[in-house]
Amino acid sequence: CIMLAAGIALPFLMKMGRSFKPAIGSITGIGLLGITFADSLPMLGASLMLFGFGIGALYPYILVRISGSISKETSIKAMAVCMTCAWFGQFISPVFFGGVSGLFGVPATGLLLLVSCIILLAAVISAASARSETIRSEY
């Protein structure tokens, strides 16, 4: 339901211009960080909603970018490959996190913390890059 709302809100969100990707990355990263540290059902629910909103806005954005970047003949195939990889990643990630946490003796929450920090760092770098491009274009 939240992913649907994000998809519906996507045209309005894309009006943010260069701030769109850092904002969605931040929302997704904060949601994942909240999932990692959730100690109550309301906090888990709110974190899942943030994460779902971020992913729900990201998928349509990626598909729009794919369809605009390649020829119409190959866009359907490219979108199918993209969505297959996304769903495969969602399916295999619990197995991967379980295996890595068992192999290195690190709790799975530590790996989620690492992933959420990487997402937030990427959002910060993207925001800084967008800001510097905006400043350069003004002068």
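Biologist: In which helix is serine 116 found?

Modeller: Serine 116 is found in helix H5, residues 108-138. A helix here is a DSSP run of H or I of at least four residues, a strand is a run of E of at least two, and both are numbered from the N terminus. The model is predicted, so local features need pLDDT of at least 70 and side-chain atom pairs count only at pLDDT 80 or more, while totals for chains, interfaces and linings use all residues. Residues are numbered from 1 along each chain as its sequence is written, and side-chain values use heavy atoms, leaving out hydrogens and water.

Biologist: How many helices and strands does the protein have?

Modeller: The protein has 5 helices and 0 strands. Read along the sequence, the pattern is α-α-α-α-α. The C-alpha trace spans about 50 × 40 × 30 Å along its principal axes.

Biologist: Why is serine 116 called buried?

Modeller: The relative accessible area of serine 116 is 0%, and therefore serine 116 is buried. The term buried means under 20% relative accessible area, exposed means over 50%, and partly exposed lies in between, with a 1.4 Å probe and protein chains only. Of the 139 residues in the protein, 24% are buried.

Biologist: Which residues is serine 116 in contact with, leaving aside its neighbours within four places in sequence?

Modeller: Serine 116 is in contact with Gly29, Leu32 and Leu33. Contact means heavy atoms within 4.5 Å. Among contacts in the protein between residues at least 6 apart in sequence, 61% join residues at least 24 apart.

Biologist: Which residues of helix H1 are buried?

Modeller: In helix H1, residues 2-13, the buried residues are Ala6, Leu10 and Leu13.

Biologist: How do you know that these residues are on the same side of H1?

Modeller: They cover an arc of only 85° around the axis, and therefore they lie on the same side of H1. The arc is that of the directions from the helix axis to the C-beta atoms. An α-helix has 3.6 residues a turn, so residues three or four places apart point the same way. On the other side of H1, Leu4, Ile8, Pro11 and Phe12 are exposed. The cover over the buried residues of H1 includes helix H2 (20-37) and helix H3 (41-69).

Biologist: How many aromatic pairs does a search of the whole structure find?

Modeller: The search finds 3 aromatic pairs. One of them is formed by phenylalanine 20 and tyrosine 61, is 4.8 Å centre to centre with 50° between the planes, and is tilted. Rings of Phe, Tyr and Trp (its six-membered ring) pair if their centres lie within 6.5 Å; planes under 30 degrees apart count as stacked, over 60 as edge-to-face and the rest as tilted.

Biologist: What parts does the pair of phenylalanine 20 and tyrosine 61 tie together?

Modeller: Phenylalanine 20 lies in helix H2 and tyrosine 61 in helix H3, so the pair ties together parts that are 41 residues apart in sequence. Phenylalanine 20 counts as buried because its relative accessibility is 3%, and tyrosine 61 counts as buried because its value is 10%.

Biologist: Why is the pair of phenylalanine 96 and phenylalanine 97 called edge-to-face?

Modeller: The ring centres of phenylalanine 96 and phenylalanine 97 are 5.8 Å apart and their planes stand at 65°, so the pair is edge-to-face. Phenylalanine 97 is buried because its relative accessible area is 18%.

Biologist: Which residues make the nonpolar surface patch of about 430 Å²?

Modeller: The patch is made by Phe88, Phe91, Ile92 and Val95. Phenylalanine 91 is found in helix H4, residues 72-104, and valine 95 is also found in helix H4.

Biologist: What makes phenylalanine 91 count as exposed?

Modeller: Phenylalanine 91 has 61% relative accessibility, and therefore counts as exposed. Valine 95 is exposed because its relative accessible area is 55%.

Terms used: Patch = residues over 30% accessible without salt bridge, like charges linked within 9 Å, V, L, I, M, F, W, Y side chains within 5 Å. Areas by Shrake-Rupley, 256 points an atom, 1.4 Å probe, with all protein chains shown as cover. Salt bridge = Lys/Arg side-chain N within 4 Å of Asp/Glu carboxyl O.
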